[in-house]
Amino acid sequence: MPTPSILQPGAKAPDFALKVTPDQKLALADFRGKPVVLAFYPADWSPVCSDQMSVYSEIIDEFRDFGAQLLGVSCDGVWCHLAFARERKLSFPLLSDFEPKGEVARSYGCYEAGEGLSGRALFVVDAAGTIAWSYLAPIGVNPGADGILSALAALRGESSAPRSQPQQGARP
């Protein structure tokens, strides 16, 4: 199966509006004027995704220190997201790229058509809506948050080392 080719820094981030609850949508444009971290992930409840989203929730204050909004995106349905977020005590929105399936992931170049799910891709979108940083992790590897935090620091003109430790490693 070919590896997706994700959008690179300098590209305009495709706008979208996805469900966060059965009757509420969030759009990328809602956050214009502040950095946005888009964390595409394959599936709620999978071991690596559960760990990855939990890490982000644990360090949410570090994202907020940069004025950034974190958004998780997968092809799971909104009801699945709500149960997953409640169980894992996640403190950021999970957006459902369910129907048309993977449309937003496709626009960012991270949809795994053969699997019917999103790849594990990270994007930092600047206040003007341009991709400042992107990374595609192997499906079985938790990319952690160091790259995200470094990209957010760079947006502010800082060159400090990331403050969190990634949790990486393949899982069966």
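Me: Which residues form one aromatic cluster here?
Reply: In general, rings of Phe, Tyr and Trp (its six-membered ring) pair if their centres lie within 6.5 Å; planes under 30 degrees apart are stacked, over 60 edge-to-face, and the rest tilted. In this predicted model, F16, F40, Y108 and F123 form one aromatic cluster. By this rule there are 7 aromatic pairs.

Me: Why is the pair of F40 and Y108 called tilted?
Reply: Their ring centres are 5.4 Å apart with planes at 45 degrees, so the pair is tilted. F40 sits in strand β3 (residues 36-40), while Y108 lies in the loop between α4 (103-107) and β6 (111-112), 68 residues apart. Those labels are DSSP runs numbered from the N terminus: helices (H or I) of at least four residues, strands (E) of at least two.

Me: How do Y108 and F123 pair, and where is F123?
Reply: Y108 and F123 are edge-to-face, 5.0 Å centre to centre with 65 degrees between the planes. F123 belongs to strand β8 (residues 120-125), 15 residues from Y108.

Me: Is Y108 buried or exposed?
Reply: Buried means under 20% relative accessible area, exposed over 50%, partly exposed in between (1.4 Å probe, protein chains only). Y108 is buried, at 0%, and F123 is buried with 0% too.

Me: What is the mean pLDDT of the protein?
Reply: pLDDT is the predictor's confidence in each residue, from 0 to 100. The mean is 91, and 90% of residues reach 70 or more. Over residues 161-172, pLDDT stays under 50.

Me: What rules sit behind these values?
Reply: Local features need pLDDT of at least 70, side-chain atom pairs count only at pLDDT 80 or more, and totals for chains, interfaces and linings use all residues. Residues are numbered from 1 along each chain as its sequence is written, and side-chain values use heavy atoms, leaving out hydrogens and water.

Technical notes:
Contact = heavy atoms within 4.5 Å.
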